[in-house]
Amino acid sequence: MEKEIYIEFEKVSKSFRDIKAVNELSFTIFKGDIYGFLGPNGSGKSTSIRMLLSLISPDSGTIRLFGKDLSFHRYQTLSRIGALIEKPDFYKYLSARKNLEILARISKVKNISRKVDEVLDLVGLLPRADSKVKTFSQGMKQRLGIAQTLLHDPDLIILDEPANGLDPQGHKEIRMLINTLTTEKKITLLMSSHLLNEIEESCNRMIIINKGSKVVEGEVKSLLNTEEMNVEFSLDDVTKAMSAISQTQWSNYFNYTEGSSLFFKMNQKEIPELATFFIQNGLKIFSIKPLRTLEEYFIKLTTDDRAG
């Protein structure tokens with residue numbers, strides 16, 4: 001059974017005078033995806049999202065939402081989307097409840113009181129429903145912004161830098177909320193972010209764009225697994241370990257030593273093979289730490305792209 005496509009960009013381009021902001025960009029987001037949208041500053045992320053929300057029009061190419069051409073089905077498709085672009089903006093002198101009630105009326109939400117309490121509870125703000133927004137932390141404002149996107153029961157949510165400016169606790173709260181939305185509410189999510197660890201921890205699929213063009217797209221785990229990573233093996237006897245690998249293929253993978261650890265450059269699938277080798281040679285393994293991160297992958301791809 002084929003997955004239902006929620007968002008499809010097909011060779012979409014957009015220029016501002018002589019600046020090519022987006023260049024024949026194509027990507028696909030399926031129902032149920034938590035999709036990471038990554039790129040350096042000025043890569044075309046914001047322009048792409050604004051075209052997706054019909055705030056600006058593409059010069060060429062096609063954008064489809066839920067299988068329908070956005071150019072001809074704007075209201076029908078956008079009514080199924082909730083979006084939080086940049087920082088949420090509320091009336092600071094009003095309570096969280098009053099702010100959402102105003103927005104619910106604008107969106108013609110039925111049973112406003114019930115729905116407002118429902119979304120406040122979902123984002124963990126129901127106990128502070130009657131507090132003025134000016135008393136909220138940045139993390140609480142961000143969660144209130146996400147509550148706003150949920151008022152009309154969207155099938156798809158777009159979050160632009162949802163953890164930007166948050167402290168570690170705020171990051172954790174947003175990550176847990178994203179997990180709740182996607183697992184319990186079955187909402188598909190597109191998340192633009194420069195915080196690469198957030199994408200690595202939250203998303204199942206991603207795209208990296210640079211200079212308006214796609215660099216790579218696919219499953220986060222698969223993309224990382226295809227690349228070599230620096231792997232740290234913490235062992236009980238470094239000298240014995242060095243001697244054991246000296247006349248084997250593993251010497252070709254060896255990178256350097258540091259304290260009680262040996263570092264190897266290798267693919268993920270080779271990690272258990274080397275672990276088995278050490279155990280068979282009488283060595284105790286205290287820990288194995290793959291150090292390959294999405295941040296390294298991102299920098300490598302965008303640097304290679306600029307060089308090309």
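Visitor: What share of the contacts in the protein with a separation of 6 or more comes from residues 24 or more positions apart?
Guide: That share is 68%. Bear in mind that this is a predicted model.

Visitor: And what makes two residues count as being in contact?
Guide: Their heavy atoms have to be within 4.5 Å. Take Thr-182: leaving aside its neighbours within four places in sequence, Thr-182 is in contact with Ile-34, Ile-187 and Leu-189.

Visitor: Why is Thr-182 called buried?
Guide: Buried means under 20% relative accessible area. Thr-182 has 12% relative accessibility, so it counts as buried. Across the protein, 47% of the 308 residues count as buried.

Visitor: Where does Thr-182 lie?
Guide: You'll find Thr-182 in helix H6, which covers residues 168-183. The protein has 11 helices and 14 strands.

Visitor: What does the side chain of Thr-182 reach, and what makes that a polar contact?
Guide: It reaches the backbone oxygen of Ile-178 at 2.9 Å.

Visitor: How is the protein divided into domains?
Guide: There's domain 1, residues 5-216, and domain 2, residues 228-298. Their C-alpha centres lie 41 Å apart.

Visitor: How many positive and negative side chains are there?
Guide: The protein has 42 positive and 40 negative ones, and the centres of the two sets lie 7 Å apart.

Conventions:
Residues numbered from 1 in each chain as written. Predicted model: local features only at pLDDT ≥ 70, side-chain atom pairs only at ≥ 80, totals over all residues. Heavy atoms only, no water. Domains from an automatic or database assignment. Helix = DSSP H or I, 4+ residues; strand = E, 2+ residues; numbered from the N terminus. Buried < 20%, exposed > 50% of the residue type's maximum accessible area, 1.4 Å probe, protein only. Lys, Arg positive; Asp, Glu negative; His and termini not counted. Charge placed at Lys NZ, Arg CZ, Asp CG, Glu CD. Polar contact = N/O pair within 3.5 Å; in protein donor to acceptor, adjacent residues only side chain to side chain.
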